[in-house]
2 protein chains.
Amino acid sequence: MGADSGFECIVDGGLDAARRVGDGIRVVFVGRSSDIEKALSAREDVPENISIHHADDVIPMHLSATDGVRLRNSSVAQGLRLVKEGKADAFVSPGNTGAVMATALLTLGRIEGVSRPAITAQFPTSTGRPTVVLDVGANADCRPQHLSQFAVMGSVYSSIVSRIDYPRVGLVSIGEERGKGNDLILEAQRLLKKSKINFVGNIEGRDILSGKIDVAITDGFTGNILLKFAESIKPMLVKSMQRQIQTNIFSRVGAMLLLPFLKRMRNTFDYAESGGAPLLGVNGIVVICHGSSNARAITNAIVVAYEMATKRIKERIHDELITNHFGHNNGSQDKSEDNRHGIVYTASSDDQRRL
Amino acid sequence: MGADSGFECIVDGGLDAARRVGDGIRVVFVGRSSDIEKALSAREDVPENISIHHADDVIPMHLSATDGVRLRNSSVAQGLRLVKEGKADAFVSPGNTGAVMATALLTLGRIEGVSRPAITAQFPTSTGRPTVVLDVGANADCRPQHLSQFAVMGSVYSSIVSRIDYPRVGLVSIGEERGKGNDLILEAQRLLKKSKINFVGNIEGRDILSGKIDVAITDGFTGNILLKFAESIKPMLVKSMQRQIQTNIFSRVGAMLLLPFLKRMRNTFDYAESGGAPLLGVNGIVVICHGSSNARAITNAIVVAYEMATKRIKERIHDELITNHFGHNNGSQDKSEDNRHGIVYTASSDDQRRL
């Protein structure tokens, strides 16, 4: 209900997903039922496999995560409760990112063995297969075991979205050699080398878009800066082109012909378009979309969420953590320390609008 | 002598710089004098304001920084010694980056008050005026006072290359609000707020290319990942375009017409092309170029080094550090601690070739 783009296109996206997946899915619209019913009655060919779940409140985009969590009858809180109660398998939201994250963590908790959930984005590569990057903003400060858990979660997610068996996982650092990087990297590298993950070693910034790896592991500080930087490339190119267009007719024609390409490039850098950004590690499937998502972005996100549910991503993450001895013991000292930190959504209110 | 592109085009770049700046400059070619003399005798219109300084050895690109430093008669060591002895004002090198950095620090030391020298790159913006970004790779782990010193050094450098009086300085973080970021950012923010620098506050990844600020401050870990990521954008776009070119004639024509634009974009992301990457903070002017620099890149770097010398960048950095109380006391406890860390060049041997 709180999306910048309005709920009308969310309804369209949901209907398209219901049509595309067919009998295997039921799309539940959570929000003010009168509004949703009105929107549905204005549409033709409404499929059977949809329903409505009423929620009174809407979390405004400008609200802080802390205040957003308190609205217990918001569409976000109600949708996540459906997942908690087993009435839904996944929750997709283009709402206030901070509030979605905080409410998801409070309502669903974490997968057993996960210390910190992570926001996960897809970056485009020249091969056409995306690089999965995490964490892109949930955790500003990370410890080595967090990075090794991200590697497990990212590996499972990549195997689902890219349909590959053994995704190549790289640790983002400043040199490919062992011994390069800061203390966090060196210790995380040691953990990952012992794991059963397809860990290819350290990678550099240039390898993220190259297609050399499938999963790039980074702390949420560096990852968020990279994501925002990547999202700004297209606007910069377009503005530079506009300046160039004034110089001569050849580049003007070139730029005009290339706009569709640039548009597609932006789409691939825009994780909402490429299936949203899952919050991996919470005990339930949660996919965050940009507040400005169009119908197609919502459809894509729902289809990815459906894939994650049918491929049992939660159980696979849990099993892989155990196989790799990466899960923290939820009864131990370590847990209380991790809980003390908890998840701290670190983006600004501006992000909450944009994400 | 050790450049991948060979010393012939370095000679051409030096001659062009001597012609372009004219009487104000003398370009000294440091290396095997017989080779350089031979190259010069093959050229026409050799200007008067050049000379040759002989050096026996060449540091190969694949050599580690530690081994490179030991070659005391290398062109790098000899060139830096000229600066140390006051016989040259600046040293420009497309050689082994790690060896140049280590030798520069050993030979020249640091500007009084500087804890850590920083590699400084220019990123393109849509306004045409670059964003100066530092550190992009000299220091993997930074402390708040290092970042505040980078802000002073970057501010002085930006005022020289962009010819502005009061550059806007931003601290790269994950949210614009105060209170966002990790511990390092929060403490650096506190220091910068007290300073006389034109500190605009935290910026996000998306602001680096926007032209909203003139100087972006970051630790060498995040900065190096960003730089490498930025350098990889053009190859990714070109490869994606090549795939697209196969799809239809319109995008084929568009892509072909746009290649000059992309070429220029790469040049602006390539800090060698935009005047090289100065190692700010060492007690002398040192500009590092890509090993594959062409003549134009070398000319640009020499011209920027000349500007830095005539605008007395060393003295200005020193004065600004004192004005802002940012310099560490070189006689204090703090110094010994900083010396213990020293400068640690963090890039791989592959970087040493590429940088």
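User: What share of the contacts in chain A with a separation of 6 or more comes from residues 24 or more positions apart?

Analyst: This is a predicted model. In chain A, residues 24 or more positions apart account for 73% of the contacts with a separation of 6 or more. Chain A contains 14 helices and ten strands, and 57% of its 355 residues count as buried.

User: Which residues have the most contacts inside the largest nonpolar core?

Analyst: The general idea comes before the case. In soluble globular proteins, nonpolar side chains tend to be buried together. Here the largest nonpolar core has 210 residues, and Val287(A) and Val287(B) are those with the most contacts inside it. Leaving aside residues up to four places away in sequence, Val287(B) touches Ala90(B), Val92(B), Gly276(B), Ala277(B), Pro278(B), Ala301(B), Val304(B) and Ala305(B).

User: How is burial read along a helix, and how many residues of α8(A) are buried?

Analyst: A residue is counted as buried if 20 or more other C-beta atoms lie within 10 Å of its own. Helix α8 of chain A covers residues 220–231. Eleven of its twelve residues are buried, and the helix is thus mostly covered. Among the buried residues are Phe221(A), Ile225(A), Leu226(A), Leu227(A) and Phe229(A), but also Asn224(A) and Lys228(A). From first C-alpha to last, α8(A) reaches 16 Å, close to the 16 Å expected at 1.5 Å a residue.

User: Where is a cis peptide bond found in chain A?

Analyst: Most residues other than glycine have a negative phi, and most peptide bonds are trans. In chain A, the bond joining Leu134(A) and Asp135(A) is cis, with omega about 5 degrees. Asp135(A) belongs to the loop between β5 (131–134) and α6 (144–161). In chain B, the peptide bond from Leu134(B) to Asp135(B) is cis, with omega near 5 degrees, and Asp135(B) is in the loop between β5 (131–134) and α6 (144–161) of that chain.

User: What is the phi of Asp45(A), and is this residue buried or exposed?

Analyst: Asp45(A) is not a glycine, yet its phi is positive, at about 55 degrees. It lies in the loop between α2 (33–41) and β2 (50–54) of chain A. Asp45(A) counts as exposed because it has 6 C-beta neighbours inside 10 Å.

User: Which loop holds Arg312(B), and what is its phi?

Analyst: Arg312(B) sits in the loop between α11 (295–310) and α12 (313–323) of chain B. Its phi is near 55 degrees, a positive value in a residue other than glycine. Arg312(B) has 14 C-beta neighbours inside 10 Å, so it counts as partly exposed.

Terms used: Residues numbered from 1 in each chain as written. Chains lettered and ligands numbered in written order. Predicted model: local features only at pLDDT ≥ 70, side-chain atom pairs only at ≥ 80, totals over all residues. Helix = DSSP H or I, 4+ residues; strand = E, 2+ residues; numbered from the N terminus. Contact = placed C-beta atoms within 7 Å. Core = buried A, V, L, I, M, F, W, Y, C linked by C-beta atoms within 7 Å. Expected span 1.5 Å × (residues − 1).
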